[in-house]
Amino acid sequence: MKIKKRILASGLIGLAFSTVLVACSSTADNQNNKQLSGNLTSVGSTAMQPFVEEASKTFMSNNPGVQINVQGGGSGQGLTAAMNDTADLGNSDIFAEEKQKIDASKLVDHKAFVVGIAPVVNPNVGVTNLTQQQLIDIFTGKIKNWKEVGGKDQAIVLVNRSESSGTRAAFAKFALKDNKEFRGKGGIVEDSSGTVRKIIGQTQGAIGYLAFSYVDNTVKALTLDGVQPTNENVTTNKWKVWAYEHIYTNANGKNKPLEEAFIKYILSDEVQKGLVTKLNYIPITNMKVERDASGNVK
Amino acid sequence: MNAKQMDRLATLFFYLVAILIVCTLIGLLGFILFKGISYISWDFLTEAPGSYILGEVGGIAPMLFNSFYLLILTMIITLPIGIGGGIYMAEYAKPTRFTKFLRLCMEVMSSLPSIIIGLFGLLLLVQYTGWGYTLAGGALALTIFNLPLMVRVVEQAITAVPKDQKEASLALGITHWQTITKIMLPVALPGIVTGTILAAGRIFGEAAALLFTAGMSSPNLDFTNWDPTAVSSPLNPFRPAATLSVYIWKVNSDSLSTQTAAIVSGGSAFILICVVLLFTIFARLLGKYIYRRLTSS
Amino acid sequence: MKERGNTSLAEKLQTPARRIFWTEWRGRSITYVSVWIVILILLSLLWFITSKGLQPFLNGEITLSQFFSTNWSPQDNKFGSLYIMLGSFMVTIGATLISAPLGISAAIFMTEIAPKWGKKVLQPATEILVGIPSVVYGFIGLTLLVPFIGKLIGGIGFGLLSGILVLSIMILPTIISISVDAIEAVPQKYREGSYALGATRWQTIWKIVLKTALPGLMTAVVLGMARAFGEALAVQMVIGNVPNAPFHFFISIHTLTSMITQNMGNTVPGETFNQILWSMALVLLLMTLVFILVIRLITRRRDVS
């Protein structure tokens, strides 16, 4: 196998000699002069898909022998595909341990980056801070009007994500303390962060939740018990509502070397300080705490 | 109110309904066409989609290609089966219980919701075969979607062939099968072609059956590589492929910027409508042209 | 063939016959195989969806009464889907209530009132309406209808009413084209008889044409309903997707199709939530069969009378 790969690789070098040379000399992280080649398939989380696409574009131009095929499909599809080894990389918004019917022992977890999630309201509701209990009461329907929490006399409109969404799972777990009353009733369910932001910005009395990177001046992010939703507060877990974005690989995957090279690239400073920061996500390398699947923080 | 006044009132009502429907259509088309045309540019048609996390719009070239390629693949699979089935229904089916059952099957199949066909495809062509999301899976799902329509088109076209032509051929001692292929099919051809083009329009816009079969993404295509076995080749039937309609849905349901989504889906909808309109007009003109040629001779 | 040299005259004469027989047989088989392919596809589809949809009940993950309850909360493994099914029914019925009178009136216009103008303008118009892809309807609903309703009523505009309006336009061409066929099939002498008795056009339409064409018109409406019930993407884009009780025009609701499209990708095959989605697909399939059964009953009554 190895010899075959070598032959293939050398053939590719011959074919694209000049480009390879340019690519090799120009990239800092490709110092091990071993040429990579082959195909990778990445399936899963639609929230991560654009990020993985972008990262794989640069990875492919650094390694011309490599083809990375990035697909969406959702976190569930990603985990299943990685577990069954039908795809090499399974992207997921949640821990494999949190999903039924997924055998986490067959998977290797690579945490790619972190997203902070903030409760977001229409700027006219007249509230800037909520206690966690108030937030829970709002999302479980006990508080129905903003005047009950010190805002204007406006009915509260809830904007949720769908039941199977990873953002919703993280918000329910860490912002609403897994409250059993939370059903996502009332208001509207949308899967697109852009649409959620637009609806909250346009609808009087609307509240929802968004990753930090989508918060702009058309909506207002709330402080929770006085804590600001900032990247710094996430890295110390002072702001508790955040989630890992995972790339899972199969423990016995058939494309091990290539998978490892790609994951290494994702975790490199080039991506973490570059793409991740540019998209206003939180680099995994900045995290000062670690959280496991059951929510315990170290 | 007497009967005459009632009659006038009813006539007025029917005119109003007709005007309402025409206005709705003009409104819909006008909205898509006027809103969309401002987004169309050469780059929009020839470039790959931008990375929409960065708010880039990019183009729709791969999706446009996928839509047409999927249409061609589907037609390659559907046409022989559809023509075979149509011939059977028109010529060989005797009024037996089996034929009744067959007609029921066709009826059920033609009214299956396309999402159900998509789910069946997900089960059989994606999960069971282990292919993942592929063009081939999408084409097979669309085949299921299109087959009953194709069979009906062919059956109607053959049944419409004048009886004396068929009888004259049979009287010359030409066998049934040869009569079908040499005499009846050529005469039925205009009808089959028109029906096929109209069906193609339906396939072109279909999305629900493709979400879970051909997938919602498209790899970076290398339009200089036409080797169907290469991963980045546009011709590779075992790669995922988002079509134009699927792309519109996807951009609207999980795009990150509503502005980008509006531009991308506005432009894509414009192209989609144009292609479907062209199909419809082309089918009508072709039908008329062939009809004129047949009647004038 | 290889013994061509020794063949007798009789055999030589038989050869073309045999060849003809062979091509005839081959042709027949090709058509036969095509037909069987269609049947096998359909049967396996029915089998796969049914067995997948029954699984959660057979495995004891959920009981029928739980499935048909209103307690929907996936995080506690409660999958009462009644409101979601009712959501599908409500948008379907609402759309039909708008489209059936409009569609049948349009068909009457095209056949009885102004056949020339109707055929020239309305028929191509319906053909184009049929051709517009459902995502485009959804997109128009999302960018035009939803904000409009939101502004008119106040609130967000997503919900039952938006779904009904989008669907009613989508099923209109189905109803129109089949109604036209049904009305055209009414023998011309019925109308002449009516006019000869001094009836006005409206009386003729109302008492003679519509009555005679009734089974065909009902078929048109039921087919339109079937299309509305199974439509997925356009509906999903405008109804708001919350499993509320679907009895109010301006609140967000869910339908079977929207629930399936939204959650199929994010759930894991084998997980209860995922299995329930397949059960919903089965409900969708069964409803399609019911619609076809209804059409069969309608047309059979016509055959008898």
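Reply: Let's start with a word we'll need a lot: two residues are in contact if their C-beta atoms, placed from the backbone, lie within 7 Å. Keep in mind that this is a predicted model, where local features need pLDDT of at least 70, side-chain atom pairs count only at pLDDT 80 or more, and totals for chains, interfaces and linings use all residues. As for labels, residues are numbered from 1 along each chain as its sequence is written, while chains are lettered from A and ligands numbered from 1 in the order in which they are written.

A quick stop at chain A, one of the partners. Among its contacts with a separation of 6 or more, 72% join residues 24 or more positions apart.

Now for chain C, the part to zoom in on. First, how far can we trust it? pLDDT is the predictor's confidence in each residue, from 0 to 100, and chain C averages 89, with 93% of the residues scoring at least 70. The model as a whole scores ipTM 0.91 and pTM 0.87.

Chain C splits into domain 1 (2-60) and domain 2 (66-304), with bounds that come from an automatic or database domain assignment. Taken over C-alpha atoms, the centres of these two domains of chain C are 38 Å apart. Where they touch, domain 1 of chain C gives six residues and domain 2 of chain C gives eight.

Next, the neighbours. Chain C puts 21 residues in contact with 27 residues of chain A. On the chain C side, the elements giving two or more residues are α10 (256-263) and α11 (272-304). That side of chain C has seven nonpolar, 12 polar and two charged residues; Ala, Val, Leu, Ile, Met, Phe, Trp, Tyr, Cys and Pro count as nonpolar, Asp, Glu, Lys and Arg as charged, and the others, Gly among them, as polar.

With chain B, the contact takes 67 residues from chain C and 62 from chain B. Helix α1 (residues 3-37) of chain B supplies the largest share of the chain B side, 16 residues. By class, that chain B side has 44 nonpolar, 14 polar and four charged residues.

Technical notes
Helix = DSSP H or I, 4+ residues; strand = E, 2+ residues; numbered from the N terminus.
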